[in-house]
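I opened my notebook to look up a few residues and their partners. The entries follow in the order in which I made them.

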Amino acid sequence: MVATPPPPPTPEDLHRFPCEQCGADYRFDPTNGQLTCDHCGHSLAMEEGGPAIRELDFRKALADQLPAQEIEETRVATCSNCAAAVEFDPATHAAECPFCATPIVADTGTNRHIKPRAVLPFAMTERAAREAMNDWLGRLWFAPNGLQEYARKGRRLEGIYVPYWTYDADTKSRYSGQRGIVYYETQSVMVDGKREQRQVQKIRWTPVSGRTARFFDDVLVLASRALPKRYTDALQPWDLGALQPYSPEYLAGFRAEAYTVELDEGYDEARAIMDRTIERDVRFDIGGDRQQIHRIDTTVSDVTFKHILLPVWLAAYKYRGKSYRFVVNGQTGRVQGERPWSAWKITFAVILGLILAGTIGYFVAQNQ
């Protein structure tokens, strides 16, 4: 009798790692870079090796011609409030959205997407991230005391791997414009009935044209819509040199957001970043004191990309009916978030300022 082969592991199984000693789930521990069991304390070293980090062909991806091994399916839940698409394990059926604290129900469907090629592992623990967030809140003037206290005593921060695209491209640009050289002429002018000599600035323009070239490496584009871009941009810089080949072990104990910005949308943003850099290159090439750019024609070739995951500790709190979100760079500890204000603190400061101003004015008047 031929034995029936076991079914292939599901995407959810690939992100679960039972402890060798007690059977509970391991989680990735940022303090030692190993898998650690919270139940019995057993640690397991990460496996060495894995597929090398390599770029994928952008044009083939747009034509849906990537190899099958570059595609995976995961179970996600989509938040109705912020549109975050977050992976959930099979045992989870309802939870709060980690991005906005809205209750959500886990979907039964799967999300088919391009696999991550690299991951930047968490380098700081939840406790360290919470301390960084509390320090940040403590430095905010006019923040509500209740929110600060609620944040300190509230639930744990959520470790989320946020999706990004990186793009590489070779560019060659031709431009035309003008180079401006500043010089001064002496002119006589009448001031209050008197003739004076003044230096007047002039610019001498000369037509110019030329070529520039630049290879762009790892232009980083956020592939999520769940968080305001101003927050995630402010978490930079990221040390992409510390990226590791993607391995599901790094996701043990954490959640991962599925990308909601498609590959071609991300490329449009990457091109805008490239174009700004190319414009700076052109201005430098034109030289002089001033530059006018009439036209830039850029040819882009050898475009490649990769899907990567970057670590973020996230807190979403609801305080007096309003949601507040704070994000912590899981590598550096840099904090960003919504700026809470306390109306009574502001009112008290204004009144105190008026009293001080009135007191100072009174003593000044008495001493005159």
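I looked up glutamine 291 and found it in strand β15 (residues 290-319). Helices (H or I, at least four residues) and strands (E, at least two) are DSSP runs, numbered from the N terminus. The model is predicted, so I noted that local features need pLDDT of at least 70 and side-chain atom pairs pLDDT 80 or more, while totals for chains, interfaces and linings use all residues. Residues are numbered from 1 along each chain as its sequence is written, and side-chain values use heavy atoms, with hydrogens and water left out.

The cut-offs are under 20% relative accessible area for buried and over 50% for exposed, with partly exposed in between (1.4 Å probe, protein chains only).

Next I listed what glutamine 291 touches, leaving aside neighbours within four places in sequence: Gln178, Trp205, Arg283 and Ile286. Contact means heavy atoms within 4.5 Å. The side chain of glutamine 291 also reaches the backbone oxygen of glycine 287 at 3.0 Å. I then checked isoleucine 181, which is 110 residues from glutamine 291 in sequence and 9.0 Å from it in space, C-alpha to C-alpha.

Glycine 287 follows helix α6 and has a positive phi, near 75 degrees. That sent me to helix α6 (residues 263-286), where the end C-alpha atoms are 34 Å apart. The 24 residues should span 34 Å at 1.5 Å a residue, so the two values agree. The expected span is 1.5 Å times one less than the number of residues. I also wrote down buried residues of α6, among them Leu263, Gly266, Tyr267, Ala270 and Met274.

Then I turned to salt bridges, meaning a side-chain nitrogen of Lys or Arg within 4 Å of a carboxyl oxygen of Asp or Glu. How many are there by this rule? The count comes to 15.

One of the salt bridges joins glutamate 265 and arginine 225 (2.7 Å, N to O). Glutamate 265 is in helix α6 and arginine 225 is in the loop between β12 (194-222) and α5 (229-234), so this pair ties together parts that are 40 residues apart in sequence. I found glutamate 265 partly exposed, at 34% relative accessibility, and arginine 225 partly exposed, at 45%.

Another salt bridge joins aspartate 275 and arginine 271 (3.0 Å, N to O). Both residues lie in helix α6, 4 residues apart, about one turn of the helix. An α-helix has 3.6 residues a turn, so residues three or four places apart point the same way. Aspartate 275 is partly exposed at 35%, and arginine 271 is partly exposed at 23%.

I checked aspartate 297 and arginine 295 as well, whose side chains meet at 3.1 Å, N to O. Aspartate 297 is partly exposed at 38%, whereas arginine 295 is exposed at 52%. I also noted a network of salt bridges that links Arg54, Glu70 and Arg117.

My last entry is on glutamate 126, which lies in helix α3 (residues 126-138). At 8% relative accessibility, glutamate 126 counts as buried. Apart from neighbours within four places in sequence, glutamate 126 is in contact with Arg156, Leu157 and Trp313.

Key
A polar contact is a pair of N or O atoms within 3.5 Å; within protein, one must be able to donate a hydrogen and the other to accept it, and residues adjacent in sequence count only if both atoms are side-chain atoms.
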